[in-house]
Amino acid sequence: MQSLLKLNSLRDMHYLQRTIPDLASFRLAYRFIKIWAQRRGIYSSKLGYLGGIHITLLLARICTLSFRQAGTISAADIITTFFKHYAQFNWEKQVVYDPSFYKSPPRYFRPQREPLVILSQHQPKVNVARAASIPSTRTLVQEFQRADKLLSQQDVTWEQLAGSIENSTGADEFLKSYRSYAKVNVQYWGGAATKGRMLVGWLEWRCVSLLVGRLHPLPTFQRRKLTIDRYPSKVP
């Protein structure tokens with residue numbers, strides 16, 4: 001069972017490559033949603049937000065449902081449908097699954113501590129979003145609804161939706177929304193960039209571990225991955 005679990009990501013990816021109707025549109029939509037998540041500060045699976053596998057499975061569901069209803073659609077239509085669908089999705093009672101793989105809603109025992117469920121495809125099926133918390137799920141819903149609201153306006157641009165690099169509003173809105181917050185600055189000086197990334201990953205994991213069990217007294221607590229400053233690998 002453990003051996004199959006380790007191969008799940010590879011098996012799921014091969015299945016998606018065979019079944020997604022329009023891979024070119026899918027990839028373009030994926031790149032935009034990833035940029036949007038990064039600039040909104042919600043691209044970090046370790047902090048309970050979106051990661052690559054999350055976006056892939058969420059987007060695959062949209063592509064399958066859209067193809068059934070309207071045939072092949074453009075990347076722009078996929079993105080618009082993506083935000084509308086998940087802005088209205090009942091995350092508390094429903095689970096995200098691929099309707100092309102599961103012919104009927106799959107059975108899944110949902111623990112109370114899993115407010116967001118995105119199921120993998122092959123057995124043994126797992127919730128790839130099990131790191132999500134109630135506050136992080138609430139933040140994701142707010143971001144989906146914000147994007148859907150923007151897309152309903154006339155003359156909105158993709159840059160306004162995602163936020164430009166120079167004028168990204170994710171960090172500004174976060175800092176203005178709360179009177180108190182904790183900011184962690186990490187500086188790494190070394191010759192191997194890989195070790196620097198490992199350090200950041202370890203710190204993210206430790207932050208999540210420290211917060212486990214402490215979120216119930218703080219229902220409005222939120223986390224954001226705003227920026228990671230990159231420093232020279234060597235001291236000049």
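**Helix packing**

I looked up burial in α5 first: Pro135, Ser136, Thr137, Thr139, Leu140, Val141, Glu143, Phe144, Ala147, Asp148, Leu150 and Leu151 are buried (under 20% relative accessible area, 1.4 Å probe, protein chains only). Helices here are DSSP runs of H or I with at least four residues, numbered from the N terminus. The model is predicted, with local features needing pLDDT of at least 70, side-chain atom pairs pLDDT 80 or more, and totals for chains, interfaces and linings using all residues. Residues are numbered from 1 along each chain as its sequence is written, and side-chain values use heavy atoms, without hydrogens and water.

I then looked up the partners of these buried residues: they pack against α2 (23-39), α4 and α6 (158-162), with contact meaning heavy atoms within 4.5 Å.

Next I took α4 (residues 75-87) and α5 (residues 134-151), whose axes come within 8 Å and cross at roughly 130°. Axes are lines fitted to C-alpha atoms over the stretch in contact, and angles run from 0 to 180 degrees between N-to-C directions. I listed the contact: Ile79, Thr80, Phe82, Phe83, Lys84, Tyr86 and Ala87 of α4 meet Phe144, Gln145, Ala147, Asp148 and Leu151 of α5.

Last, I turned to α2 and α3 (residues 52-70), which pack at about 135° with axes 10 Å apart; α2 and α3 are therefore oblique as well. Phe26, Ala29, Tyr30, Ile33 and Lys34 of α2 meet Gly52, Ile55, Thr56, Leu59, Ala60 and Cys63 of α3.

Terms used: Helices (H or I, at least four residues) and strands (E, at least two) are DSSP runs, numbered from the N terminus. Buried means under 20% relative accessible area, exposed over 50%, partly exposed in between (1.4 Å probe, protein chains only). Angles under 35 degrees count as roughly parallel, over 145 as roughly antiparallel, 65 to 115 as roughly perpendicular and the rest as oblique.
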